[in-house]
Amino acid sequence: MEHDLLGPLTLSADVLYGIHTARAGENFRLGGETLREYPALLAALAQVKSAAAWTNDKLGVLGSDIAQAVMAAAREVVEGGLHEHFPLEVVQGGGGTSTNMNMNEVLAGRASALLGRRVDAHDHVNRSQSTNDVMPTALNIAVLVTARSTARSLRVLAESLNRKGRQYESLTRLGRTCLQDAVPVPAALVHEGQATSVLGAAAALEGAADALRYVPLGATAIGTGLGAPEGYRELAIRRLAEETGLDLLPSVNLSEGISSLEGLAWVADAMARAGRAVARVAGDLRLLASGPVGGFGEVSLPPVQAGSSIMPGKINPVIPELVMQVSFQLQGGAHAVHLASAVPELEVTAMAPVVTAELLRGLRRLGRVSEVFADRCVDGLTWNTAAVHANLRGSLQPAVESAVEHGHAHAVQEARS
């Protein structure tokens with residue numbers, strides 16, 4: 001039996017969380033994704049709690065035995081343990097207070113078991129902190145780590161495209177403009193251009209995420225530093241940098257650090273751009289593979305599954321179609337982030353949970369689909385040289401060369417004849 005300002009509540013003895021998490025679970029039950037499905041966020045949040053406990057110990061405001069127990073419990077979460085005790089949905093009211101309390105209660109419950117006496121979620125685990133500074137800090141870290149992982153996956157795809165270009169460096173195909181016959185172009189150049197586009201998107205994503213290294217930990221309630229001892233902010237962020245292995249720095253301005261989501265909106269923009277870049281590659285390959293008799297038929301994509309329940313032998317470009325649909329989802333997610341970041345909220349924003357969901361889900365999906373695209377499509381695609389050579393007969397290169405030599409009108413007449 002636990003109590004809060006609303007009264008008593010009976011909890012199962014099998015769970016580590018407490019009354020705040022239990023009430024939030026009743027309030028935000030929409031059937032969406034739960035915190036346990038976002039391990040990067042749970043790890044970042046646990047690292048914040050560990051750094052805070054260490055700092056509170058060093059500054060003499062928390063007993064060393066309790067600090068060590070909290071840090072041990074936090075390590076379990078970082079390593080993938082205790083995740084079953086985070087049942088809350090990611091999107092919730094209150095700007096993430098319930099997520100913060102879910103972590104506080106779980107770490108308090110586990111630390112109590114490790115220590116053999118009560119560790120309090122508020123007085124011990126949440127010491128010198130507020131949801132106002134904890135959640136933006138954890139979200140920045142989770143998005144930064146995830147974005148860097150996604151960028152690596154984009155580079156896997158780019159290398160796959162470059163390898164395919166090297167494989168067909170001697171092949172010349174018919175280029176098209178406005179889907180009409182144009183002039184010959186090396187097939188390798190097509191893949192090299194695609195790879196360059198994907199690499200540029202990866203670099204832009206990393207650049208946008210890099211700004212998230214500035215975190216507002218230590219701001220506590222609405223940026224006042226209320227309840228934190230002198231020197232806490234600098235020491236906690238230095239410790240957090242060690243815990244995460246990231247080059248973290250204090251926010252330039254605490255008010256901006258806890259009230260603005262604009263830095264995350266920049267990452268959403270870069271995520272959406274990367275999705276478009278990958279989807280364009282997928283769309284071009286899907287078009288080149290059309291047919292194979294009634295379309296371009298110049299590219300054969302690996303057959304990964306049957307394409308029809310009624311037409312024997314039909315194979316669909318399912319991987320490029322998957323990539324394109326993920327891109328649509330990323331555009332929608334980025335738009336949700338834009339809307340959330342534009343809400344005027346004075347000292348703090350309550351709209352961060354939806355940003356958390358859309359960014360972490362979108363980045364993870366973009367990274368995964370990039371690797372699937374490389375592995376199950378690009379690596380195994382082949383150019384159909386017979387179709388490529390047959391289509392080259394439509395090239396306008398002779399007309400272009402004639403125009404240069406004899407003038408436009410003569411070249412047009414020659415092309416028609």
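# Salt bridges, rings and backbone

Trainee: Is Glu 26 buried or exposed?

Mentor: Glu 26 has a relative accessible area of 53%. Buried means under 20%, exposed over 50%, and partly exposed in between, with a 1.4 Å probe and protein chains only. So Glu 26 counts as exposed.

Trainee: What kind of model is this?

Mentor: Residues are numbered from 1 along each chain as its sequence is written, and side-chain values use heavy atoms, with hydrogens and water left out. Local features need pLDDT of at least 70, side-chain atom pairs count only at pLDDT 80 or more, and totals for chains, interfaces and linings use all residues; the model is predicted.

Trainee: With which residue does Arg 29 form a salt bridge?

Mentor: Here a salt bridge is a side-chain nitrogen of Lys or Arg within 4 Å of a carboxyl oxygen of Asp or Glu. Arg 29 is exposed, at 58% relative accessible area. Its closest N and O atoms in the pair are 2.8 Å apart, and the partner is Glu 26.

Trainee: How many salt bridges does the whole structure hold?

Mentor: Side chains of opposite charge can pair when their charged atoms come close. The search covers the whole structure, and the salt bridges found number 19.

Trainee: Which parts does the pair of Asp 4 and Arg 23 tie together?

Mentor: The two side chains meet in a salt bridge, 2.6 Å from N to O. Asp 4 and Arg 23 are 19 residues apart in sequence, so the pair ties together strand E1 (residues 2-4) and helix H1 (residues 19-27).

Trainee: What is the relative accessible area of Asp 4?

Mentor: Asp 4 belongs to the partly exposed residues. The value for Asp 4 is 28%.

Trainee: How many residues apart in sequence are the parts that Arg 163 and Asp 379 tie together?

Mentor: Arg 163 and Asp 379 form a salt bridge, with the closest N and O atoms 3.0 Å apart. Arg 163 lies in helix H6 (residues 131-167), and Asp 379 in the loop between helix H12 (352-378) and strand E8 (382-383). Both are partly exposed: Arg 163 at 39% and Asp 379 at 35%. The separation of the tied parts is 216 residues.

Trainee: Over the face of which residue does Arg 176 lie?

Mentor: A charge sits over a ring if NZ of Lys or CZ of Arg is within 6 Å of the ring centre and within 35 degrees of the ring normal. Arg 364 does this over the ring of Tyr 38, 4.9 Å from its centre. Arg 176 is 4.4 Å from the centre of its ring, which belongs to Phe 296.

Trainee: Which residues does Thr 21 touch?

Mentor: Thr 21 lies in helix H1 and is buried, at 1% relative accessibility. Contact means heavy atoms within 4.5 Å. Leaving out residues up to four places away in sequence, Thr 21 touches Pro 87, Leu 88, Met 101, Asn 102 and Glu 105.

Trainee: How many helices and strands does the protein chain have?

Mentor: Helices (H or I, at least four residues) and strands (E, at least two) are DSSP runs, numbered from the N terminus. The chain has 15 helices and 8 strands.

Trainee: What is the radius of gyration of the protein chain?

Mentor: The radius is taken over C-alpha atoms, and the globule rule is 2.2 Å times the number of residues to the power 0.38. For 417 residues that rule gives 22 Å, and the chain is well over it, so it is more spread out than a compact globule. Its C-alpha atoms fill a box of roughly 90 × 50 × 35 Å along the principal axes. The radius of gyration is 27 Å.

Trainee: What share of the 417 residues is buried?

Mentor: The count covers the whole protein chain. Buried residues make up 48%.

Trainee: What is the phi of Ser 128?

Mentor: Ser 128 is in the loop between helix H5 (121-125) and H6, and is buried, at 5% relative accessible area. Ser 128 is not a glycine, yet its phi is positive, at about 65°.

Trainee: What is the phi of Ile 222?

Mentor: Ile 222 lies in the loop between strand E5 (214-215) and helix H8 (232-244). Ile 222 is partly exposed, at 45%. Its phi is positive although Ile 222 is not a glycine, and comes to about 45°.
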